[in-house]
Each structure stands twice: as structure tokens, then as C-alpha cells.
Amino acid sequence: MPLPIEDYALIGDCRTAALVGRDGSIDWLCLPRFDSPSVFAALLGTPEHGRWQIAPTGPAEVQRRYRGDTFVLETTFETESGVARLTDLMPVGSPYPQVIRRVEGVSGSVELAQDLAFRFGYAEALPWVRRAAGGLLAAAGPDALLLRGDPLPVAHGHRHRGEFRVGAGDRYDFTLAWHPSYEQPPEPVDVDAELARTEHWWTSWADRSDCGADPHQHYLAPVQRSLLVLRALTHVETGGIVAAATTSLPEAFGGPRNWDYRFSWLRDAALTLEALLAHGYSAEAVAWRDWLLRAVAGDPEDIQIMYGLAGERDLPERELPWLPGYAGSVPVRVGNGAVDQYQADVIGEVMVALDLSLRSGIPHPGHAWPLQRALLDRARATLGRPDSGIWEIRGAPRRFTHSAVMTWAAFDRGVRAVEDHGLTGPVAEWRRIRDELRAEIERDGVDHERGCFTQYYGGRGVDAALLQLPQVGFCAPDDPRMLATVAAIEAELINDGLVHRYRTEEGVDGLPPGEYPFLACSFWLVEQYARTGRAKDAQALMDRLLSFANDLGLLSEEYDPDGRRQAGNTPQALSHLALVRAADAITGHHPPVR
């Protein structure tokens, strides 16, 4: 079986990323982009589905760390005979993506084994491997991988294996570079130079952050790491932001809730933009804004909830039956059928993010406002239409309260654009729609008996997404209806102190019941507590949530409190950006009001 999710580290070059286990095995890597087919897929199966492991041949104690504020990973193996260090990185800015692995002897002598299985196309294509260009060249279809280093592993069936010994002061470098199979392999690289350049790139980026509090404050390290994760999940060339680096890591182990998150959701990207803007990253905001304008350009009726990294629209979902899934969780899916859903909240998310960027001093290009007006026309034309909501239910569409509030937010920001920034538009009509939406929500989206907001119009249950209502300015955090909503969430959605998205037992999502608490929802509750004077509750929940991060500060989508393990795709942008907001609320570093 693959390792527990929390035993994986991320390395990346802001074009794609690899997951490296505590056992020195790269079990997940897609090349050349996050959403490309995998070349290593042991994460969703076995070593036979592709991996690259360098590790001691015998038992070892393992310690890991990132080198400061970087994604240069150091794994130290301590054995009976000595200590060896494995350094893993993906150089930023290389012509083609590549992985560098450096093995160094620290003390004594350690025997290590290398196990390499090339598997292209999500482990469906077995490449032809031969010695060429000073290394092992694996090619299949349009893709090729070249492994250079000494000693190179040798063929054992369809895998390559080898052993070597490292003593104190010894150093062995291995590089694995992707290139199109129809082009010449890239030239060898200077590992020392690539290591220094990559460390400098990440450290310089981290140094630009403004965490807005005393450098000794309790949450500085997790906030800084979370911002780095958000940057690592942002494609350096297109500006697209993936929701996570993986596909099909289960929301419930052994179940069917396995989705592909290697795409750019408008909602998640907009929220990421806010987290980055709150900490001084305006250049990233400009890149995202430009990506957004390219992605949604065209007929507003064709707007999607998600796109590929460069704005691709065709993201069909399919299943990969030859992969047995993480911990037997099937089906394994690539692509995402939610791309065809109508989700009413996304126009609101886009309008809120663009409003924030404008108020943060980022000038908009001339075509941005006409596009926003067209989006508001689309929102007006679909008023009252049931949707699939923020959680992308696969059951019957409903009138979700959160979606209605985000539609309200869309028209509210349209009104602000005219009133505060001098832009032109039918402000009287937008104001009327905004006010009518508020009245409708307060009539139909509230359980008047309990005084709380509801998951959908006419229902009685609640939804953790309702915690976002104060975040977009629909009501104050201490509004009596919000306080009643929090009380209902505490009574109905909390398991072992952690927040579920909603009650899956109610059948709203059209899937079998059962999933683990959703980490972002618990961070939203921390923010709500902090903004309503419940400081002790906020800090207690925050500290517990931070304890779920792995030894490198990474969080996945969900957490299994019974098994005490992470669940869902990893690292999850939504979890990390919600962490940043929660820490800001506790420490008083308020992001711009949405």
C-alpha cells in the first residue's frame, strides 16, 4: 500500500509537482504539467504503477525538513552503520521540468538501493528504455525521460534496480529530465548551480510576504508555508492555480468520492488571490487576473466553474480501471465532470476577487470591466435557477443559500464599481436586484423557527459554506442569524470537534453517505470564532487543526479523526488559504474587507 497521505512531501517547479514519501520514493509525478498524465503513479496503486525510490537497504530512522522557506526537501536516513542524506528538488526555471536527487554521506557508511519503474500515461504505457545520451532514456509516444547519474540502476524485468554504498563525505547526483520524445535530450545540468538558484528563487519569493505581525507570533511559520504552497500550485507561465497536485485521493477511504483536483476552479483561484493579496503578493494577483480574463473570455453563457491551467475548457471525466486506487478507493478518475455543472456562486467569487484587486491598487485593463458587465448580465439571466452549489453535488440541483448570497455579492460589487470607482453600468437595476436578492435570502434561506440560515431554500439543515456569509459582507459575524447558524453547525456538523461540509446522510449530493471533516470548513469556523469574541475557542481549534499538518506543514483536503490521518487530495489549496485567513483573523492581520 502507499504511505499515509501525511507521509508525503511536495517538491515542485511551479509547472508541476512530485510527491516524495518518507521512504525516499517518488510515488506521484505528472509531466510536463500538473494535469498531464503521470509518469509515476504508485500513489494510486503499487510500485509496479511507477515510482523512483532511493533509500537504505535496511531499517532506518527518518527525519525530513525543507531548507528554510523553499521546496528543497532533505530526508535524513539514520541506520545502524551510518547516516545518509537525500536532497530532492525540482529546479525552477529549467527549460524542461526535471527532478534532481542528491545523495550524501553524513557519517559512517550506508548501503542504499535504487528502484525505478517508468510508467507513462497513468501507468497504462510501458516505455522503451535504453542507454543513450549518457543515461537511461525512456520514451513512449510524445514523452521521454532521461535519467543521468552514477551509478545507474540496471534492468530487472520492467524495472531498474541497483545498490550503492555512500560513506562520509561521498556525494552522488541523479537527474531525471522530461523532454518531448521527438526532440534531442536536454544537456546535463550543474546540480550545485541549480540547487543554489532554486533555493534563492523560493527564499526571495517568501521574503516578499507581509505577514503583518510580530515575527515571533505563533502562526507565522504555518502561514508562510501555506503561502508557499499556494505559490507552488500556481503555474508560473499561465497564472492558473490548481486546487491540488493530485487526483483521486479519497474523501472516504475505500469509497467512491475520488476526484481530480489538478485544474483551476474560479472559486478556489479567487480565494487564493485574496490570501496572496492580503500578504503583499500583487504580481501574482495580476497574473491570476490576466489568466481569469483569458479563461472566461467569450460568450458569458459559456462560463465554466473550472478550466485547465492555460484556460482549456474540455476537461472530460473518465475512469482508469487498471489503477486499483489509493487504499483500494475506486474509481480512479481523471478530468472532472463538475466542469459541466451550473454553480451560481462562481460569478460572485470572480466579481468579489476583481473588486478586491481593484481596491488593492491593481489597475484593470480596458476589457476587464466590459467582461464583468457581461458576467452580471449572465447572472441576471439565470436568477432563480437551481444549481449544484459550492460542493458540486451530483444530485438534483437546488436553490442553495450560499449560491444566492454569492449572486448577491456579484451585484453588490457591480454597484460598488460604479459608486466607488466611477465605472459605468445600469447601477439602479443592479441595486434593485441586489436588494431583492437580500430580501429573498432573508425570507427563503432562513429557518425562522431556529433563526439560522439554511443549506438551501425551504430546508432545515445547515451547511459549513454558510460561514462565508460574513466573509463577503452579506451580514456581520455577530448577526443573530449567523450566531444561530454557528450554533446549528456545532450541533449538526461537528464530529470530534471538526466540521463536516454538510450531512451526507441527507442524500443532497446524490452519492453514498460518508466523508471525513473538511479542513477548510473548520478553519472558517476559527475565523468566525475570532471575529465574534470567542478568542479561546478560535485558538484552541486553530492549534488542533495545525496539529494535523504533517512534519513539513502540509495539509490535505480532509482529516479522519478516528484513524488520525489526512484524507483527500494534497496539498489542498483551499485548506491552506483558509488557514491563512484564520490566522489573520486571530492575530488581527485583517485582509481587505471583501
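The structure is a predicted model in which local features require pLDDT of at least 70 and side-chain atom pairs count only at pLDDT 80 or more, whereas totals for chains, interfaces and linings use all residues. Residues are numbered from 1 along each chain as its sequence is written, and side-chain values rest on heavy atoms, with hydrogens and water left out.

Secondary structure elements are DSSP runs numbered from the N terminus, with helices (H or I) of at least four residues and strands (E) of at least two. Two cis peptide bonds are described here. One joins leucine 31 and proline 32, with omega of about 10 degrees; proline 32 lies in the loop between strand S3 (25-30) and strand S4 (38-40). Another runs from valine 330 to proline 331, with omega near 5 degrees, and proline 331 is placed in the loop between strand S18 (318-319) and strand S19 (333-334). Cysteine 14, although not a glycine, has a positive phi of about 65 degrees. This cysteine 14 belongs to the loop between strand S1 (8-12) and strand S2 (17-21).

A positive phi also occurs in a hairpin: strands S10 and S11 are separated by two residues, and alanine 133 in the turn has a phi of about 50 degrees. Strand S10 (residues 128-132) pairs with strand S11 (residues 135-140) in the antiparallel sense over five bridges; pairing requires that DSSP find at least two bridges between the strands. Within this arrangement, arginine 130 has leucine 137 of S11 as its bridge partner.

Two helix contacts were examined, with axes taken as lines fitted to C-alpha atoms over the stretch in contact and angles running from 0 to 180 degrees between N-to-C directions. The axes of helix H3 (residues 266-277) and helix H12 (residues 573-587) come within 10 Å and cross at roughly 35 degrees. This crossing of H3 and H12 is left-handed, a term used if the near helix is turned anticlockwise from the far one by less than a right angle. The contact (heavy atoms within 4.5 Å) involves Asp268, Leu271, Thr272, Glu274 and Ala275 of H3, together with Ala573, Leu574, Leu577, Val580 and Arg581 of H12. By class, six of the residues in the contact of H3 with H12 are nonpolar, one is polar and three are charged. In this classification Ala, Val, Leu, Ile, Met, Phe, Trp, Tyr, Cys and Pro count as nonpolar, Asp, Glu, Lys and Arg as charged, and the others, Gly among them, as polar.

For helix H6 (residues 368-381) and helix H7 (residues 401-421), the axes come within 10 Å and cross at roughly 145 degrees. The crossing of H6 with H7 is left-handed. Trp369, Leu376, Ala379 and Arg380 of H6 meet Ala410, Phe411, Gly414, Ala417 and Val418 of H7, a set comprising seven nonpolar residues, one polar and one charged.

Grid points are joined across faces, edges and corners, and a volume is the space filled by probe spheres set on the points.

The largest pocket holds about 360 Å³. Its lining comprises 27 residues, with Tyr342, Gln343, Ala344, Thr382 and Arg385 closest to the centre. Helix H5 (345-359), H6, H7 and helix H8 (427-444) each give two or more residues to this lining, and H7 gives the most, with three. The lining of the largest pocket has 12 nonpolar, seven polar and eight charged residues.

Six cavities of 30 Å³ or more were counted. The largest cavity has a volume of about 340 Å³ and is lined by 26 residues, with Tyr261, Ile390, Trp391, Glu392 and Arg501 nearest its centre. H3 gives the most to this lining, with three residues. By class, the lining of the largest cavity has 14 nonpolar, three polar and nine charged residues. The second largest cavity contains about 80 Å³. Gly389, Ile390, Trp391, Phe400 and Asp463 lie nearest its centre among 13 lining residues, and the lining has seven nonpolar, five polar and one charged.

Methods: On a 1 Å grid over the protein atoms alone, a cavity is a set of points where a 1.4 Å probe fits but cannot get out, and a pocket is an open set with protein on both sides within 12 Å along at least five of seven lines; lining residues have an atom within 4 Å of a point.
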